[in-house]
Amino acid sequence: LQQFLNASKTIDEFPNIPESSKSLLKKYLTKDVYKKLKDAKDANGFTLQQLISSGLANPDSSIGVYAGSTDSYKVFAPLLNQIISDYHQYDVNSKHTSSWDISSYNFEEFNSKHKGDYVLSTRVRIARNLSKFPLGTNITKEQRQQIENLAIQAFNSFEGELKGTYYPLGKLTEQEKKQLKEDHFLFKEGDRFLKACGCERDWPDARGIFINPSKTFLVWVNEEDQFRIISMQNGGDLKQVFERLAKAHEIINKVAQFSITENLGAITTCPTNLGTGMRASVHVKLPLLSSDEKIFKQIASKHHLDIRGIDGEHSESKGGIFDVSNKRRLGYSEAQLALDMYNGVNELIEVEKQLK
Ligand code: ADP
Ligand code: CIR
């Protein structure tokens, strides 16, 4: 009920975000921007209050906003464009580009290239949402179920190694969910950032996970984004992982039309994922390099890498193992961003070898 009340409310006063907050919301929600947007609503009635609810409830947010629809990005542009251009270092008037062609890059398996066991696993995921529906923050229960049905239709059309089983979240036992999370296959539940923006309403209804038997191909349905399409496997064969994802993306796109805009590419709930919606990551062992934070950060910044702990976002590293991925998502193609990660990880491993 509280969420419903929040949802229908506009903000009567300029919101008070603590000075200590480092969020991009805090940085760009000036009084001027607030005045412009305080009564604005997107095509489905999504308000400024809803847009910024997560950042208000969580002053430790790094971003602090989640969109309500493709249209939100137009209606709330005076705030969102600044956040987007800051995070992605992207001019929002330029045209986003998409390509899955990696044939000129000659990605070599990381561990054969470096003759050692550095990369434990490789994963590439993309976030996609459907053009005909509001995003998860403002979707109705019925619309969410329609999306789940479309997803199941797409899953039924898979062949070969992509074939698998769809598990509605509500039908998995606590033990099954725990195991899937520990094995890095399933999303976390109860994320306070997503809760605050309305993404977890009606949980677990119409959420679920599709998995192939070898667990190299997965799809998350109706979590933060309507589709998270994921290809992953042990070891460091980025080429194989990327190509599997490219194939799945093509098939799902035929059944369910993704929301793609000229300037922002794939539309996603969180502005950090706009563009390709892609995060290509490895779990890589770098115990020596990681004790030299300065060099580690220098290389990461040179190759536009994001460094996370091994249980995903907001988690810690364990045993010198890190989740290293492309940080940029917008303005470059899927193929180019996989190359960012490939080049960056190769340099990190080179330096790790020198420190031995
Ligand atoms: P995202 O879906 O945005 O990538 P997270 O950072 O929360 O979100 O990661 C989701 C899950 O995927 C986590 O369990 C994380 O440990 C796992 N994961 C990410 N990259 C890899 C990888 N290269 N190998 C194995 N698991 C991974
Ligand atoms: C924050 O602002 O810190 C959270 N809303 C998470 C931001 C990163 N984006 C994401 O997980 N999709």
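Modeller: A polar contact is a pair of N or O atoms within 3.5 Å; within protein, one must be able to donate a hydrogen and the other to accept it, and residues adjacent in sequence count only if both atoms are side-chain atoms. This is a predicted model, where local features need pLDDT of at least 70, side-chain atom pairs count only at pLDDT 80 or more, and totals for chains, interfaces and linings use all residues. Residues are numbered from 1 along each chain as written, chains are lettered from A and ligands numbered from 1 in the order written, and side-chain values use heavy atoms, with hydrogens and water left out.

Colleague: Which residue has an N or O atom in its side chain 2.6 Å from a nitrogen atom of ligand 2?

Modeller: The shell of ligand 2 (residues with a heavy atom within 4 Å of it) includes S62, Y66 and N273. S62 uses a polar backbone atom, 2.7 Å from an oxygen atom of the ligand, and N273 has a polar side-chain atom 3.5 Å from a ligand nitrogen. The side chain at 2.6 Å from a nitrogen of ligand 2 is that of Y66.

Colleague: How much of the area that ligand 2 exposes when taken alone does the protein bury?

Modeller: Accessible areas come from the Shrake-Rupley method with a 1.4 Å probe; for residues, only the protein chains shown count as cover. Ligand 2 exposes 330 Å² when taken alone, and the share of this that the protein buries is 93%.

Colleague: Which residue has a side-chain N or O atom 2.6 Å from an oxygen atom of ligand 1?

Modeller: Ligand 1 is surrounded by 18 residues, with S121, R125, H184, S281 and R308 the closest. S281 places a polar side-chain atom 2.7 Å from a ligand nitrogen, and the side chain of R279 comes to 2.8 Å from a ligand oxygen. At 2.6 Å from an oxygen of ligand 1 is the side chain of R308.

Colleague: Why does the pair of F14 and Y34 tie together separate parts of the sequence?

Modeller: Rings of Phe, Tyr and Trp (its six-membered ring) pair if their centres lie within 6.5 Å; planes under 30 degrees apart count as stacked, over 60 as edge-to-face and the rest as tilted. F14 and Y34 are edge-to-face, at 5.6 Å between centres and 75° between planes. Helices are DSSP runs (H or I, at least four residues), numbered from the N terminus. F14 lies in the loop between helix 1 (2–8) and helix 2 (24–28) and Y34 in helix 3 (residues 31–37), so the parts tied together are apart in sequence by 20 residues.

Key: Helix = DSSP H or I, 4+ residues; strand = E, 2+ residues; numbered from the N terminus.
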